[in-house]
Amino acid sequence: MTSQKTTLKTYLLTGLLVLLPIAITLWVLDIVLSLMDKTLMLLPDAWQPEVLLGFHIPGIGAIISLACIFAVGVLVQNFIGQALVRTWEAFLQRIPIIGALYGSVKQVSDTLLSSDGNAFRRTVLIQYPRKGLYTIAFLTGAPSQTIEKHLPEQAVQGYVSVYVPTTPNPTSGFLLLLPRSEVIELDLTVDAALKYIVSLGVVSPSHILMHSTQDKISKENEG
């Protein structure tokens, strides 16, 4: 009897491990598609796909949204499109509050999404929230001179900015300013680190090769 209960429990857990990721993935996709479908509300009633076609097509909003994003990307790659973007941004910058908000959002998005940006390009290991405890963080840059001049001068190599994500939700976290010498760079991709964080440490990388940021800087200087 005990053996049958154990076998039944094993089957249930195995089925749960298989179906749970699928269910969560479908749930997230449903939320994303629903949000993208709501972009159709920006169109006039006469231009709604249901009015033009006479029937509803699931996911049509997502298709139109992706097509618009692609079209804008193509447009801004040429001189005329870039001129239009600059004119639009200059107009927004003149509007109180909106200009400051748009500028801040654009700066963050350019840093995170631009292929030339350095944000979240390196995974590091730091001691946090106290000495002897370690956590994974992402190198985001260096503090400005306005901030760094108020920091202790003991750091010979200067300071760096790191983002410490929370578990299991990495979209919230803490910004820390640390001496560069206290940051250990990991031979670990950002995707692998995020999987490790979101899974509460269950999905562990096969191996992590660590080397100090100081050694990497020395190699870069030699190169």
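The model is predicted: local features need pLDDT of at least 70, side-chain atom pairs count only at pLDDT 80 or more, and totals for chains, interfaces and linings use all residues. Residues are numbered from 1 along each chain as its sequence is written, and side-chain values use heavy atoms, with hydrogens and water left out.

Colleague: How many helices and strands are in the chain?
Modeller: Helices (H or I, at least four residues) and strands (E, at least two) are DSSP runs, numbered from the N terminus. Along the sequence they follow the pattern α-α-α-α-α-β-β-α-β-β-β-α-β-α. The totals are eight helices and six strands.

Colleague: What percentage of the residues count as buried?
Modeller: Buried means under 20% relative accessible area, exposed over 50%, and partly exposed in between (1.4 Å probe, protein chains only). The chain has 223 residues. The buried share is 21%.

Colleague: Which residues of helix α7 are buried?
Modeller: Helix α7 covers residues 190-198, and its buried residues are V190, A193 and I197. They sit on the same side of α7, because they cover an arc of only 65° around the axis. The arc is that of the directions from the helix axis to the C-beta atoms.

Colleague: Which strands do the buried residues of α7 pack against?
Modeller: Contact means heavy atoms within 4.5 Å. Look away from the exposed residues D191 and K195, which are on the face turned away from the buried side. The buried residues of α7 pack against β1 (122-127), β2 (134-141) and β3 (159-165).

Colleague: Which exposed residues are on the face of α4 turned away from its buried side?
Modeller: Helix α4 (residues 79-93) has buried residues too. These are G81, E89 and L92. The face turned away carries F79, I80 and T87.

Colleague: At the start of α4, which residue's side-chain oxygen reaches the backbone nitrogen of I80?
Modeller: A polar contact is a pair of N or O atoms within 3.5 Å; within protein, one must be able to donate a hydrogen and the other to accept it, and residues adjacent in sequence count only if both atoms are side-chain atoms. Here the oxygen comes to within 3.2 Å of that nitrogen. The residue is N78.

Colleague: Is T123 buried or exposed?
Modeller: T123 is found in strand β1. Its side chain reaches the backbone oxygen of L188 at 3.2 Å. T123 also touches V190 and A193, among others. At 1% relative accessibility, T123 counts as buried.

Colleague: Which backbone oxygen does the side chain of Y163 reach?
Modeller: Y163 lies in strand β3. At 15% relative accessibility, Y163 counts as buried. Among the residues in contact with Y163 are F120, P170 and S172. At 3.0 Å, the side chain reaches the backbone oxygen of S172.

Colleague: Where is the cis peptide bond that ends at P168?
Modeller: P168 is found in the loop between β3 and β4. Omega is about 5°. The cis bond joins T167 and P168.

Colleague: What is the phi of L200, a residue other than glycine?
Modeller: L200 lies in the loop between α7 and β6 (210-212). At 62% relative accessibility, L200 counts as exposed. Its phi is positive, near 60°.

Key
The expected span of a helix is 1.5 Å times one less than its number of residues. Lists of a residue's contacts leave out its neighbours within four places in sequence.
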